[in-house]
Amino acid sequence: YVFNFAGNSGMQGRLSAAYQFNPVIGVKGMLGYHGYKWSTVPQNTDGTYPYVNFGSENLTADFMLNLSNWWAGFNPQRKFDVSAFVGAGAALLNNNAALSPWGFLGRAGLQGDYHLTPEFDINMIVEGNATSDNYNDVANKPLVIDAIPAITLGIAYRLPAKEKKPAKKVA
């Protein structure tokens with residue numbers, strides 16, 4: 001068996017919305033589609049390896065911690081930020097016929113944001129996802145999880161902050 005990056009990877013598309021409670025702490029929710037593909041063992045009779053293909057729709061929620069602002073203080077002129085996140089979610093598995101059509105996710109990773117303008121960022125997310133063992137419709141004992149690493153590149157648009165109205169004086 002020879003590992004082939006193109007033959008053992010997939011594509012994903014995500015929409016996300018986030019909210020910063022302060023410069024360090026925030027939350028993010030994502031809705032996405034993930035297509036997976038990898039070759040399996042044993043070989044076909046012609047020496048090739050068969051592929052397993054399937055997809056899922058995922059809904060996740062993450063707790064975000066902006067490490068740059070935590071360690072170096074908030075700086076609106078900073079061009080690059082790094083955040084850590086941990087979260088959970090659920091997935092609807094498209095071709096999981098033998099076992100449950102639902103999978104549950106635990107996830108953690110890092111997100112780097114390069115600030116192009118005050119409104120636009122280019123970001124990269126490196127994450128690890130742990131799912132219930134039936135995620136790909138194959139339950140392998142004694143391992144009770146499927147592990148799915150992911151790298152995502154994206155563009156983020158930051159909505160302008162609302163101006164806070166001054167508090168009314170109380171007599």
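**The largest pocket**

Modeller: In this predicted model, the largest pocket contains about 1800 Å³ of space, a volume being the space filled by probe spheres set on grid points that are joined across faces, edges and corners. A pocket here is an open set of points on a 1 Å grid over the protein atoms alone, where a 1.4 Å probe fits, with protein on both sides within 12 Å along at least five of seven lines, and its lining residues have an atom within 4 Å of a point. Residues are numbered from 1 along each chain as its sequence is written, and side-chain values use heavy atoms, without hydrogens or water. Local features need pLDDT of at least 70 and side-chain atom pairs 80 or more, whereas totals for chains, interfaces and linings use all residues.

The lining consists of 47 residues, and those nearest the centre of the pocket are Ala 18, Gln 20, Asp 121, Tyr 157 and Arg 158. Two or more lining residues come from each of β1 (11–20), β2 (25–39), β3 (51–66), β4 (80–93), β5 (102–115), β6 (120–132) and β7 (145–157), where strands are DSSP runs of E, at least two residues long, numbered from the N terminus. Of these elements, β1 supplies the largest share, with nine residues. Sorted by class, the lining has 20 nonpolar residues (Ala, Val, Leu, Ile, Met, Phe, Trp, Tyr, Cys and Pro), eleven charged (Asp, Glu, Lys and Arg) and 16 polar (the others, Gly among them).

Methods:
Helix = DSSP H or I, 4+ residues; strand = E, 2+ residues; numbered from the N terminus.
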